[in-house]
Amino acid sequence: MHCDRIWRNAQLASLLDEGLGLVAGGLVACRAGLIVYAGPERDAPVLTAAEDIDCQGRLVTPGLIDCHTHLVYAGNRAHEFEQRLQGVSYAEIARQGGGILSTVNATRAASEAQLLAESLPRLDALLAEGVTTVEIKSGYGLMLEHERKQLRTALALAQERRVNISTTFLGAHALPPEFAGRADDYITEICGNMLPALVKEGLVDAVDAFCEHIGFSLEQTKRVFTAANLQGLRVKLHAEQLSNMQGAAMAAAFRALSADHLEHVDESGIEAMAQAHTTAVLLPGAFYFLRETRLPPIDLLRRHQVPMAIATDCNPGTSPLTSILLAMNMAATLFRMTVDECLIGVTRAAAQALGLARRVGTLEAGKQCDLAIWNVERPAELVYGIGRNALHARVWKGE
């Protein structure tokens, strides 16, 4: 079989079994952007290629996946961070016009060109650490024209860089000032106007909501999810971050792709997620930045065999993090996740959280040839290092 490119003499982490699926003396062959063989070189069919690359024993993983980001926004909230360090409460900052609405104002004022320029460095930081797939949410526009602008910018990033972008409509992120005191009316605007228009324009892959006492109620979130399902879209949920709203169980009832954060989820919510095959997305950057003390129930998630993904939650207010490697280290250090769980969390489980498991997340024939090649001797080094980027090469669609 003739291929475009072969990588041989590699230690593969195929992610095909319950662990990392490590293969010594491994080979990956690619044709037309897809993997045609990944496994032991001794078992490979006869292969020729235009380019044959010796990995010299390096670790090769699937390209990493950041499955929860708010990467497209304008401005920053460093001044609010400084205020909090000086003892000013979040509530007081919000009363002064800060918080999420501060980012909404900056994002609304920015052009698409500005948003693209501000977002590219954040994306580049992720790509430099072997990320090949990124989910990007809207939610800082909160009006049709500005939500559209965010989603268009997210897709424009895929024209500027070699990366898979998955877009998520998060109109139900916060209540915009135009609808102050009228949350139900805003949900009607989302379901009846914003979502149909954005879907018609091909800008939406999935729909998210912030179900929380400072966000939207269970009933309001159900309305958004029902509208999403009527548009043929899968859903995901910011759930149980600050309190237990029973959002995880509700998300599972809609067969959500994921429920994210989950510090306050209870066992009944986890059982519902397990039955619905809903992935847990854990966000240690937000946990760290907000100085949270209640850990997500990792042991319960393990016991019920709920897949656990890890993501940066890159956003200006609660997780200004653009390092997937640091997110893994935080998950291990703060949440006590294992090395295997951390690597699965940014590959196979992250692909499941985006509904992309048939396309990315493992090294196997038929999948997109997205690879990260590492200057390490063992996988633990990727989770262990703080501020160390051991990436040797990043491969997207075989190139």
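## Second largest pocket

Helix H14 (348–353) gives the most to the lining of the second largest pocket, with three residues. Helices H11 (298–303) and H13 (339–345) also supply at least two residues each. Helices are DSSP runs of H or I with at least four residues, numbered from the N terminus. The model is predicted, so local features need pLDDT of at least 70 and side-chain atom pairs count only at pLDDT 80 or more, while totals for chains, interfaces and linings use all residues. Residues are numbered from 1 along each chain as its sequence is written, and side-chain values use heavy atoms, with hydrogens and water left out.

In total, 13 residues line the second largest pocket, and Glu-18, Gln-305, Val-306, Pro-307 and Arg-348 lie nearest its centre. The lining divides into six nonpolar, two polar and five charged residues. Here Ala, Val, Leu, Ile, Met, Phe, Trp, Tyr, Cys and Pro count as nonpolar, Asp, Glu, Lys and Arg as charged, and the others, Gly among them, as polar. The space in this pocket is about 420 Å³.

## Largest pocket

About 810 Å³ of space lies in the largest pocket. Its lining has 29 residues, and Arg-77, Tyr-90, Ile-214, Leu-290 and Thr-318 are the closest to its centre. A pocket is an open set of points on a 1 Å grid over the protein atoms alone, where a 1.4 Å probe fits, with protein on both sides within 12 Å along at least five of seven lines; lining residues have an atom within 4 Å of a point.

Helices H1 (78–85), H2 (90–95), H3 (100–109) and H10 (284–289) each supply at least two residues of this lining. The largest share, three residues, comes from H1. By type, the lining of the largest pocket holds 15 nonpolar, 10 polar and four charged residues.

## Aromatic rings

The whole structure has six aromatic pairs. The ring centres of Phe-179 and Tyr-186 are 5.3 Å apart and their planes stand at 50°, so this pair is tilted. Rings of Phe, Tyr and Trp (its six-membered ring) pair if their centres lie within 6.5 Å; planes under 30 degrees apart are stacked, over 60 edge-to-face, and the rest tilted. Phe-179 and Tyr-186 form one aromatic cluster with Phe-216.

Phe-179 counts as buried because its relative accessibility is 17%, and Tyr-186 is buried at 0%. Buried means under 20% relative accessible area, with a 1.4 Å probe and protein chains only.

## A charge over a ring

Arg-122 lies over the face of Tyr-73, at 3.6 Å from the ring centre. The rule asks for NZ of Lys or CZ of Arg within 6 Å of the ring centre and within 35 degrees of the ring normal.

Note on methods:
Points joined across faces, edges and corners; volume = space filled by probe spheres on them. Buried < 20%, exposed > 50% of the residue type's maximum accessible area, 1.4 Å probe, protein only.
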